[in-house]
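Student: I am new to this structure and would like to go through it step by step. Please show it first, and then I will ask.

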Amino acid sequence: MSYETIAVHADGPVLHVALNRPDRMNAFDRAMTGELTELWRGTARDRSVRAVVLTGTGRAFCSGADVGDLEGERRPRGAGVDDELAFLPGPHLDVPVIVAVNGICAGGGLHFVADADIVIAAESAAFVDPHVSVGQVSALEPVSLALRVPIPRLLRLALLGRSERLDAAGALACDLVSEVVPDADLLPRARQLAALVAANSPAAVAATRKALRSLEAKLLRTSMEEGWQAIMDHWRHPDSAEGPRAFAERRAPRWAGD
């Protein structure tokens with residue numbers, strides 16, 4: 001199947017997926033989230049896939065949600081947080097997902113990091129959470145990372161917005177990623193890890209992963225639902241529209257409290 005916003009190919013038991021909007025730094029819009037959801041649902045039925053490698057095309061991994069979507073009328077993608085995050089592979093698949101961060105990973109791009117089973121990064125990778133700088137609530141990405149990364153580190157990233165950038169070495173130090181490699185070695189290393197996973201018993205891998213991901217889901221469920229409600233509630237606040245508008249117009253935002 002051909003896609004417009006993602007590039008997909010299989011290499012034996014490993015499925016390689018690249019976010020493919022390089023002109024938009026792989027920001028995800030409704031087209032991309034729709035194609036990703038379709039891909040994962042189809043992959044879940046393909047018993048030949050034993051591991052997935054997910055990366056970005058070009059100089060960015062993912063710059064988060066497309067500002068064009070944020071400027072429009074905000075609507076949930078479904079009935080709850082699970083539907084909103086249906087574009088992530090984790091909820092659909094019973095095979096490990098290895099995320100290879102090849103450049104900037106911003107805002108909603110952190111969803112893919114939080115959802116991954118293994119995360120590695122190129123030396124040039126960097127992480128930033130600009131939500132509050134554009135008038136948005138950051139209440140899903142940091143919550144979903146709280147079992148991996150110390151909360152004070154997440155608070156600094158979330159509250160400073162685009163003024164705080166975590167480089168690859170810093171991401172490794174706080175366990176946001178598990179390995180940092182030279183840029184040229186990123187995809188070869190991701191493929192190597194995927195091949196090592198794929199060589200193991202598929203049934204044992206699936207059961208092991210399910211046990212750990214089930215624990216993770218139970219620990220985070222209530223906080224994720226509360227975070228999603230906080231995000232939707234904030235959509236009615238004028239700052240939620242002013243932030244993306246100011247960003248698009250390349251000017252300083254005029255917050256409601258100023």
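Student: About how much space lies in the second largest cavity?

Tutor: This is a predicted model, in which local features need pLDDT of at least 70 and side-chain atom pairs count only at pLDDT 80 or more, while totals for chains, interfaces and linings use all residues. Residues are numbered from 1 along each chain as its sequence is written, and side-chain values use heavy atoms, with hydrogens and water left out. On a 1 Å grid over the protein atoms alone, a cavity is a set of points where a 1.4 Å probe fits but cannot get out; grid points are joined across faces, edges and corners, and a volume is the space filled by probe spheres set on the points. For the second largest cavity, that space is about 30 Å³.

Student: Which helix gives the largest share of the lining of the second largest cavity?

Tutor: Lining residues have an atom within 4 Å of a grid point, and here they are L110, D129, E141, P142, L145, L154, L157 and A158. Helices are DSSP runs of H or I with at least four residues, strands are runs of E with at least two, and both are numbered from the N terminus. Two elements give two or more residues to this lining, α5 (141–144) and α6. The largest share, three residues, comes from α6.

Student: Which helix gives the most to the lining of the second largest pocket?

Tutor: A pocket is an open set of grid points with protein on both sides within 12 Å along at least five of seven lines. The second largest pocket has a volume of about 590 Å³ and is lined by 22 residues, with P91, D115, R213, E216 and A217 nearest its centre. At least two lining residues come from each of α3 (81–84), α4 (110–115) and α9 (202–234). The helix that gives the most, with 10 residues, is α9.

Student: Why is strand β5 described as largely enclosed by the rest of the structure?

Tutor: Buried means under 20% relative accessible area, exposed over 50%, and partly exposed in between, with a 1.4 Å probe and protein chains only. From β5 (residues 97–101), V97, V99 and V101 point one way and I98 and A100 the other way. The strand is largely enclosed because its buried residues number five of the five.

Student: Which strands stand at the edges of the open sheet of four strands?

Tutor: The order in this sheet is β4-β6-β8-β9, with mixed pairing. Within the sheet, β6 (residues 104–106) and β8 (residues 126–128) pair in the parallel sense over three bridges. Two strands have a single partner each, so one side of each is left without a neighbour in the sheet: β4 (60–62) and β9 (166–167).

Student: Which residues have the most contacts inside the largest nonpolar core?

Tutor: A nonpolar core is a set of buried Ala, Val, Leu, Ile, Met, Phe, Trp, Tyr and Cys residues joined through side-chain atoms within 4.5 Å. The largest one has 50 residues, and those with the most contacts inside it are L36, V52, V101, F112, F127 and L176.

Student: Is N26 buried or exposed?

Tutor: N26 lies in the loop between β2 and α1, and its phi is near 60°, a positive value in a residue other than glycine. Most residues other than glycine have a negative phi. In the loop between β2 (14–19) and α1 (30–44), M25 is partly exposed at 26% relative accessible area. At 0% relative accessibility, N26 counts as buried.

Note on methods. Two strands pair if DSSP finds at least two bridges between them.
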